[in-house]
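The entries follow the structure.

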Amino acid sequence: MASRATDVPSTGAVIRLSPRSAQLIHLGAQGLLRRSTRKARRGDVVPTIARMGVLQIDTINVVARSPYMVLFSRLGPYANDWLDDALAEGRIAECWAHEACFVPATEFRWHRDYRSGRAGHWAHRSAERTYAEARIDMEALLDRIRREGPLRAADFEREGTGTKGWWGWKPEKRWLEAWFALGRLMVARRDRFQRVYDLSERVVAAWPEPPTSGTLDEATVRRHFIVESVRALGIAKARWIADYFRLKPRVTDDELAPLVADGTLSRVEVDGWSDAAYVHREHGDLLAEGARNALRASRTTLLSPFDPVVWDRARALELFGFEYTIECYTPAAKRKYGYYALPILHRGRLIGRVDAKAHRQSGMFQVIGIWLEDGVQASVPVVQGVAEAISTCAAWHGTPRVVVERGQPRGLAALVQAALDA
C-alpha cells in the first residue's frame, strides 16, 4: 500500500478515529491488512523487514523459527534461504534492538550508534560482566578470529560445556555472544541457523553499501528511533513507543510535540482512548481512510509469538483486546493453550490461537488445539479462513497432511478438519 502524507486531513480539526480504524492502521503499517495479490519474490524480504523496522530472532523450531514465520505471515509461502542469503549478502544485519533482531543494513549505523540506550539492555550488561571476568580469554578468542577468519561456536572444541552464564552455554559461546553484544564481532552469515562470527569491520566492509564512519549524537539517534517506532506501529500511544527499539527513558507526549509541530507525526484521538495517539506522515493514506472508516481487512494468517503485533503483550491487549502469553516458558501443567500457540489473525482481528507442531519427517502438521476467543463464532468465514491459514502454513513447511486434534468451542476441530479435507 503506497503512502502519501498529502492524504492527511488538513482542516486543522482534530482527527478522530474509531478503535477499529486504529487496529487496521496498525495492521496496514505492518503489512498484514490485505491478502497478497501475487506470489512472494526474493526481493520482497528486505523491504518487508524494513517495513517492520526489525525482525526478532528466536530459535524455537516447533513450527518455524520466528523470523521465518513473521515473514511468512506477510509474504505467504516463500523460500527460507531468501532470509539467509540477505544476511550473507550484507543486505540485512544482526544486532541487539528490540531483542536480537535482523535489521536492514541501511539502518545498522543507527543501532551501532545508540550507545546509552543499549547500555541498559540485559545483553550488554551481561557482556560487560563476561568481559570483566574473562578478559584474557576473550581477547585470545578475538585474536583467533582475526587470524583464521569467520568461526562458529562449534569451531571451538571443548570437553563438556560450561554451566555458568547465558543458558548454560560453553564459555566460548558466551564469549562470542559477549563480543557480538559489545560490537566487536558481527554475524557474517548463518549455517543451518548457527551464527558465523567475524570481526565487525570485515563484515561491514563486504556489504554492498557499508555504513558511514563517525558517530551520530545520541539525541539524533533517539529521535530517529522514536519516529521509526511510530512509522512501524502505524498508530501509537506515547507509552507504546519505547518498547519497539528498547528506548530509555520512556517516550512522553511532550517529547513528541516537536515532531507534531514539524509535521513528522500527526496527533489523533481514538474513541475510548484516554491517551492521544500518533501517526507517521508516511501513513497519510491509511489515516485518511481510517478517518472515513474506509479501511477493510482481508488477510487471515497465523502469527509468530514474537511478531511485532503481539510481542508487546500490553499493547496487544489495549489495541485488540487480545490477552496473550507464550507458554513455552510455563510449566506444562500450568499451560492453558500449549507450548507454542500461534495467534490467529482473521480479517483485522485476533480471533484465537493454534497450538501446532510440524513433523517434517512424516509430512504431518499436527494441530494439537484451536481456541477461538470468547464471543467469536465458528461461522463459515471463520472456519474457512482458519483452515486456509493452517493449510497454507502446513504446505509451506512441507507437511501437507494436517490433523486437527481438538478445538474450542465444541465442534470447532471437526469443522476445521472438514474444511481442510474438502
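I first looked up Arg 144, which is partly exposed at a relative accessible area of 24% (buried means under 20%, exposed over 50%, partly exposed in between, with a 1.4 Å probe and protein chains only). The model is predicted: local features need pLDDT of at least 70, side-chain atom pairs count only at pLDDT 80 or more, and totals for chains, interfaces and linings use all residues. Residues are numbered from 1 along each chain as its sequence is written, and side-chain values use heavy atoms, leaving out hydrogens and water.

I found Arg 144 joined to Glu 148 by a salt bridge of 3.2 Å, N to O (a side-chain nitrogen of Lys or Arg within 4 Å of a carboxyl oxygen of Asp or Glu). The two residues are separated by about one helical turn, because they stand four residues apart in helix H8 (residues 135-148). Helices (H or I, at least four residues) and strands (E, at least two) are DSSP runs, numbered from the N terminus. I noted Glu 148 as partly exposed, at 47%.

Glu 388 pairs with Arg 35, with the closest N and O atoms 3.2 Å apart. This pair links distant parts of the chain, 353 residues apart: Glu 388 is in helix H16, and Arg 35 is in the loop between helix H1 (19-29) and helix H2 (45-52).

I also recorded a network of salt bridges linking Glu 94, Lys 173, Glu 177, Arg 190 and Arg 195.

Lastly, I looked up Leu 412, which lies in helix H17 (residues 412-421) and is buried, at 2%.
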